[in-house]
Amino acid sequence: MTVESSSENTRWVRVCAVGDLDDDDDAVRLDSRPPVSVFRSDGEYFCVDDTCTHETYSLADGWIEDCVVECPLHLAKFCLRTGRPLSPPATTAVRTHPVRIEGGEIHVGLPGAYELKEGAHSGTA
């Protein structure tokens, strides 16, 4: 994991190689606090807080289609672009984070308050 500060409040973290998410509708979760995940859908990359806002459950374990992730616990859906809940039982958005691709690697911009463990990437979902 490579961490680079871009401002006081945001730091850029290398998540994985683009090839690790080469299939659409795939996700990789970082071992961070709070946990975040990077999703690939419709050829785009998105990063959101990984925990469903309805009940504590990993969104990276959910179903991904058309830039939407569906929580496998109670089927709440979230827009990967905005974090906005699209269906009940969730009523609160998940936080989104910027993503950039550099040299074939995916990086996400995380708030400075997010804690990362060394080697924080936990593999593809």
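Visitor: In β12, which residue is the bridge partner of Glu102?
Guide: This is a predicted model, in which local features need pLDDT of at least 70 and side-chain atom pairs count only at pLDDT 80 or more, while totals for chains, interfaces and linings use all residues. Residues are numbered from 1 along each chain as its sequence is written, and side-chain values use heavy atoms, with hydrogens and water left out. Strands (DSSP runs of E, at least two residues, numbered from the N terminus) pair if DSSP finds at least two bridges between them. Strand β11 (residues 99-102) and strand β12 (residues 105-111) pair in the antiparallel sense over four bridges, and the partner of Glu102 in β12 is Glu105.

Visitor: Which residue in the turn between β11 and β12 has a positive phi?
Guide: The two strands form a hairpin with two residues between them. In that turn, a positive phi of about 55° belongs to Gly103.

Visitor: How many of the residues of strand β4 are buried?
Guide: Buried means under 20% relative accessible area, against over 50% for exposed and partly exposed in between, with a 1.4 Å probe and protein chains only. Both faces of β4 (residues 36-41) are covered, with Val36, Val38 and Arg40 buried on one side and Ser37, Phe39 and Ser41 on the other. The strand is largely enclosed by the rest of the structure because the buried residues number six of the six.

Visitor: How many bridges join β4 to strand β5?
Guide: On the side of strand β3 (residues 26-33), β4 is joined by five antiparallel bridges, and a hairpin of two residues connects β3 to β4. Another hairpin with two residues leads from β4 to β5, where Asp42 in the turn has a positive phi of about 50°. Arg40 has Tyr45 as its bridge partner in β5, and the antiparallel bridges that join β4 to β5 (residues 44-49) number six.

Visitor: Which strands stand at the edges of the open sheet of four strands?
Guide: The order in this sheet is β6-β7-β8-β9, with antiparallel pairing. Two strands each have a single partner, so one side of each is left without a neighbour in the sheet: β6 (63-65) and β9 (85-87).
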